[in-house]
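Okay, thanks for making time, everyone. Let me put the structure up, and then I'll walk you through the parts I'd like us to look at together.

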Amino acid sequence: MTDLADLSAAELLAAYKARRLSPVDVTEAVIARIAVWEPKLDALYAYDPESAHAQAKASEARWLKGEALPLDGVPCTIKENIRTKGVAVPLGTAANDLAPAATDAPPAARLREAGCVILAKTTMPDYGMLSSGLSSFHKPARNPWDITKNPGGSSAGAGSAGAAGYGPLHVGTDIGGSIRLPAGWCGLVGLKPSFGRVPIDPTYYGRVAGPMTRTVADAALMMRELSKPDARDGMSLPPQELDWLAVDIDLKGLRIGLQLDAGIGLAVEPETKAAIEAAARAFADAGAIVEPVSPYLTREMLDGLDDFWRQRAWVDIGALSPEKQAKVLPYIFAWAEGGKALPGDRVYRGMSQMIAMRDAALKAIAPYDFILSPVSPVPSFPAEWASPIDDPTRPFEHICFTVAANMSDQPAISVHAGLTSVGLPIGLQITGKRFDDLGVLRMARAWEAMRGAIAWPVLPA
């Protein structure tokens, strides 16, 4: 029998409606799952099982009265940097003061309004500026597929929690790959929506919030709620009525690009390349037209973005007292300090690379409906490392397939493509045209159906 903690949101909602299950029973099962896994994973922050139980009781009452909300009684987690009322937001760093948030940020508000049982926040690295579970505030998060490995980041705890079955719904944020990378390294579906599709506060160039789930259907259920309007985000898209649950697609005649070489950054490892090629063949066998896509990012683009982000980080970290600076994760401090003395013209040229990436990415996808690529060139890496090469002078060599979509407004989704010979997940990225969020969900669902079910990790003895 399937453990209640492993049921999808879609399955739970159907079972609640039929009165086969209660949100209380499910929440208790997830709490039991957390009790087993969490001492090994350290995925959670501000975990509150008592509050979760109370929320589940309230949800049970609504179901019994016929007043259920859209996601009523479905357990969820929320990334630590997304404000939840009454909970401090350390941003992953021991250098921040801890003051309770006065309000829910838009993604948290939408999930609470939809009736989700909010179990906890999920951990992240300092300032969200690592593709890793390392943090000066939290214990290092670990990957359930192999607890010596990294879940990735910066939505580190969300990736770990999703793969371990801490309920079906998890929300992360992404400014260069921070949803898709941990989703890829943890075997999850991770959608980076089009910029502005999901209101967020505070907003920033390229920054989005999105779902991290085990199934495409659950990601679609989350998007139905997360995409609702919120006036606090002045960069959000106008509200649009989309049928988020209509995830079927006819692949015949679709034009799909296949990118296996980013042109910069880490080389794609052979097992990763083979898995992405196998997925491309499956789409071609289903009637799509698949053609190779040449690299379109340049070293100038990646290094320029590095300059700009370093200087941006140093504006915050450099303003801290020496005592607080000493609390920042040493890797992050060393990286940010590299922006301290950058001249203004170099920082400006670095910022301009966001537009250069945008133009290159949109030109690359113009002949196609979608582009397939790896999420990461390499599988997961040691849990103690800050990145796949653990070098603050080369911080972004692994985001060469993910970062452009943040700059170009394009939706991009990670979906599990297979395992390496040692059992580590490989992520397939599907990138769509600007604002075609439903399209990438539909493509991911098509691949999910062709791929088949996943055997999720179990806690080692």
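Let's start in the loop between strand 3 and helix 5, where you'll find Tyr127. Keep in mind throughout that this is a predicted model. Tyr127 isn't a glycine, yet its phi is positive, near 60 degrees. Buried or exposed, or something in between? Tyr127 comes out partly exposed, because its relative accessible area is 22%, and the cut-off for buried is under 20%.

The peptide bond going from Gly153 into Ser154 is cis, with omega near 10 degrees. There's another cis bond between Asp201 and Pro202, where omega is about 5 degrees. Pro202 sits in the loop linking strand 5 (189-192) with strand 6 (208-213).

Asp409 isn't a glycine either, and its phi is positive at about 75 degrees. Look for Asp409 in the loop between helix 13 (403-408) and strand 10 (412-419). With a relative accessibility of 10%, Asp409 counts as buried. What does Asp409 touch, once you skip its neighbours within four places in sequence? You get Ser194, Phe195, Arg358, Arg434 and Phe435.

Another buried one is His170, at 1% relative accessibility. His170 is part of strand 4 (residues 169-174). Beyond residues up to four places away in sequence, the contacts of His170 are Thr77, Ala158, Ala161, Gly162, Gly210, Pro211, Met212 and Met222.

Now the cores. The largest nonpolar core has 77 residues, and the ones touching the most other members are Phe283, Leu428 and Ile430.

On to helix packing. For two packed helices, the description is the angle between the axes plus the distance between them. So how do helix 9 (residues 299-317) and helix 11 (residues 330-337) cross? Their axes come within 7 Å, at roughly 110 degrees. That makes helix 9 and helix 11 roughly perpendicular, and their crossing is left-handed. On the helix 9 side, the contact uses Asp306, Trp309, Arg310, Ala313, Trp314 and Ile317, while helix 11 brings Ile332, Phe333, Ala334, Trp335, Ala336 and Glu337. Sorted by class, that's nine nonpolar residues, three charged and no polar ones.

Helix 11 has Tyr331, Ile332, Phe333, Trp335 and Ala336 as its buried residues. Covering those buried residues are, among others, helix 9 and helix 10 (322-325).

Last pair: helix 2 (residues 23-41) and helix 3 (residues 49-65). Their axes come within 8 Å and cross at roughly 155 degrees, so helix 2 and helix 3 count as roughly antiparallel. This crossing of helix 2 and helix 3 is right-handed. Helix 2 makes the contact through Pro23, Val24, Thr27, Glu28 and Ile31, and helix 3 through Pro49, Ala52, His53, Ala56, Lys57, Ser59, Glu60 and Trp63. By class, the contact of helix 2 with helix 3 has seven nonpolar, three polar and three charged residues.

That's my tour, so over to you.

Notes:
Residues numbered from 1 in each chain as written. Predicted model: local features only at pLDDT ≥ 70, side-chain atom pairs only at ≥ 80, totals over all residues. Heavy atoms only, no water. Core = buried A, V, L, I, M, F, W, Y, C linked by side-chain atoms within 4.5 Å. Buried < 20%, exposed > 50% of the residue type's maximum accessible area, 1.4 Å probe, protein only. Axes fitted to C-alpha atoms, helices over the stretch in contact; angles between N-to-C directions. Helix = DSSP H or I, 4+ residues; strand = E, 2+ residues; numbered from the N terminus. Parallel < 35°, antiparallel > 145°, perpendicular 65-115°, else oblique. Left-handed = near helix turned anticlockwise from the far one by under 90°. Contact = heavy atoms within 4.5 Å. Nonpolar A, V, L, I, M, F, W, Y, C, P; charged D, E, K, R; others polar.
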